[in-house]
Amino acid sequence: ACAALALLGGSVAALGLWKWLGKKRIQKKIEEARRTRDEGLKKMAKAVQQSREQVPSVQRDAILSLPLLELSGRLQEGSLSPRTVLYTYLEKALEVTQQTNCLRHFIPECEEQLQEIERRKEKGLLYGIPVSIKDHIGHKGHLATCGLMQYLDTVMEEDSVVVKVLKRQGAIPFAMTNVPQSLFSYECSNPIFGQTLNPLDPQRGPGGSSGGEAALIAGGGSILGMGSDMGGSIRLPSSFCGLCGLKPTAQRLRGAGWGLAHPSAHCGCLLLSHAVPCALGPMARDVDSLALCMKALLCQEMFQLDPSVPPIPFNEEVYSSSAPLRVGYYDSDGHFPLPPCMRRAVRETRSALQAAGHQLVPFSPPRIPYVMNELFMKTFFADGGRAFVDVFTGNIVDPGLKQQVNSCKMPRLVKKLLALLLKPLQFLLLLPLKDFAVISTCRSVQEMWDHHHQIQVYCSQFIRQWQELQLDVVLCPVLGPAFTAGYPRKLLGAVSSTMLYNVLNFPAGVVPVSTVTEADEEELKLYKGCCDDPWDRTLKQAVSGAVGMPVAVQCVALPWQEELCLRFMREVETLSRDR
C-alpha cells in the first residue's frame with residue numbers, strides 16, 4: 001500500500017512538474033515574441049528618427065491629411081517621393097500603436113521594396129503607397145501567428161499572392177497588425193501581443209478580427225489596409241472605427257496561397273472553406289480608396305499567380321455610373337435588434353437616397369435565426385467543435401474566448417442537459433442555450449453534404465426574393481457603435497447583420513454616415529430590444545455612453561458585383577457628407 005501511495009504521489013508530482021515546465025515554455029515563447037516585436041518597433045523608430053531631418057513637420061501633417069487618390073496622384077507626378085511618404089506614415093504608425101497596441105510587427109523589408117520601386121521604370125497603380133496587412137496574411141520572412149503559440153516558430157517562406165500583387169503595383173507593405181486569438185472573435189485581444197484599443201475611445205474595442213488594421217487606419221497610421229472577413233471581420237471593425245471596408249465575393253480575390261498562412265488557425269476555416277468561405281478585402285478612410293485597391297489587385301498578375309481567381313478586371317464603367325438604383329432596405333433582421341442609432345442611420349440614408357432620385361423598396365431577409373443557428377454555426381461546429389478546441393492545445397486561452405472554448409469541450413449530452421436546466425442563464429454562454437444545444441456534429445458524410453445543400457437552397461431562395469423585387473442593391477444595418485471592452489465575448493450572436501452575407505457570399509461593404517447623438521443616447525435608455533431579455537440588456541450596456549462615436553450602414557450587392565457595391569457605397573458616402 002505504501003509503495004502504491006508513493007508511486008501515486010510520484011506520478012502526481014511528475015504531472016505537476018510537467019505542467020509547470022509546459023507553462024514556463026509557453027511563457028518563454030511569449031516573451032521572445034514580444035521581445036522580437038519590440039526590437040522591430042525600435043528599428044522602426046530609429047529609421048524614423050534618421051528621416052526626420054529630411055521631412056519638416058508641416059509637410060508630414062500635409063501628407064497625412066491627403067486622401068489616397070490625391071496622395072497617389074502626387075506620387076505618380078513626382079511632387080512627393082515614396083520615401084517621404086513611407087517615413088511619414090512609419091512615424092505616425094508608431095505614435096498610433098503606442099496609444100492602441102495595434103501593430104503586431106514592423107516590416108523592415110519595406111526599405112528594400114522602396115528601393116525596388118524607385119528603380120522601376122513603370123509605376124503601378126499603388127506606386128509609393130504604404131500599406132498595412134493583417135497578422136495572418138503571409139509576408140516572406142515573417143510570422144503569421146493568429147495570436148496562437150504554435151505558430152511562433154513558423155516563418156513564411158514566401159509572400160502570399162495578395163502581397164506579391166500589392167508589391168507589383170508599387171505598394172509598400174510596412175506593418176502587420178494585431179488580431180484576436182484564432183481570429184474567431186470581434187474582441188481584438190490575444191495572450192501574446194495583448195489587447196488593441198479603439199483610437200477614438202480607449203475604453204472601447206476596435207472590433208475584430210481585423211481590429212489592428214482598423215485601429216491603425218482610424219488613428220491615421222495607415223492609409224490603406226488589407227483585412228479578411230468570415231463573419232464580419234472587415235465590416236465590424238470598420239463600423240466600430242468609422243472606416244470604409246469591403247468584403248468582396250470570397251473568390252474575387254481569394255485563391256491558393258492568398259494569405260491564410262495556417263488554414264487551421266482560422267479555427268474552422270477548413271470546415272467552412274466550401275460552405276461559408278473567407279474573403280480578403282480592403283479597408284480605408286473612403287470608398288474611392290477601396291475602389292483603387294480593388295482595381296490594382298484585379299490585374300493580370302493576380303490572375304496568373306492564382307489561376308483559381310476568375311480573370312475579371314475591375315469594371316470602371318459600373319463604378320463610375322450615376323444611373324438611379326433600385327434599392328431594397330431593412331433596419332432590422334428580426335434576429336438581433338440593434339441599438340437605435342444604427343437603425344436611425346438606415347432610415348436617414350434611405351430618405352437621402354430617395355431624395356436623390358433612387359427607388360427604395362422594403363426588403364425582408366428570410367429566416368435569419370435559421371441562418372445563424374443552423375447554417376453558419378452548425379457549419380462552423382460541424383465536428384462538434386473539435387477543430388476549434390484543438391487550435392488551443394498548448395495555448396493560453398484569451399479571456400475573450402474562454403467561454404467558447406469551454407463550451408465546445410462539453411460532451412453533447414451535457415450541452416443538452418444544460419440547455420434544459422440553465423435556460424434562465426442562457427445569456428452567460430456562447431449562444432442562447434436553445435441554439436447552443438442544437439449546434440452539434442454532422443454525424444456522417446451524408447449529413448454534411450445535406451447541410452451544404454441546405455446552404456445552397458437558402459442562397460437560391462434569397463436571390464429569388466431579391467430578383468422578384470428587381471433590386472440592384474440592398475441597404476441594411478451593421479452592428480455598432482463600438483462596444484466597451486469586454487462585451488464582444490458576451491454577444492457573439494449580435495453579429496447576424498454581417499454573418500448573413502458570409503453565408504450568402506455576397507459582396508458587402510460598410511460606410512460611416514453619422515455619429516451617436518445625445519438623442520440616440522436618450523432613446524437607448526428606452527431600448528428593450530427583442531424582449532428585454534439579458535441579451536438585450538447586455539447589448540444596451542455594451543454601447544451606452546458612445547456619444548460622438550461613428551455610426552455606419554451596410555451596402556450589399558449580388559455575387560461578383562463588387563463594382564456595383566462600391567458604386568452604391570460611394571453614393572451613400574456622398575449623400576452622408578452633404579447632410
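Lys-134 sits in strand 2, which covers residues 130–134; strands are DSSP runs of E with at least two residues, helices are H or I runs with at least four, and both are numbered from the N terminus. This is a predicted model, where local features need pLDDT of at least 70, side-chain atom pairs count only at pLDDT 80 or more, and totals for chains, interfaces and linings use all residues. Residues are numbered from 1 along each chain as its sequence is written, and side-chain values use heavy atoms, with hydrogens and water left out.

**The annotated site**
- An unreviewed UniProt entry puts the feature "active site" at Lys-134, Ser-209 and Ser-233; such annotations may be inferred rather than shown by experiment.
- These residues are spread over 100 residues of sequence, yet they cluster in space, with a largest C-alpha distance of 10.8 Å.

**Around Lys-134**
- Lys-134 counts as buried because its relative accessibility is 0% (buried is under 20% relative accessible area, exposed over 50%, partly exposed in between, with a 1.4 Å probe and protein chains only).
- Leaving out residues up to four places away in sequence, Lys-134 touches several residues, including Met-176, Glu-213 and Ser-233 (contact means heavy atoms within 4.5 Å).

**Around Ser-233**
- You'll find Ser-233 in the loop between strand 6 (224–229) and helix 8 (235–241).
- Ser-233 is buried too, because its relative accessibility is 7%.
- Beyond its neighbours within four places in sequence, Ser-233 has contacts that include Leu-183, Gly-208 and Ser-228.
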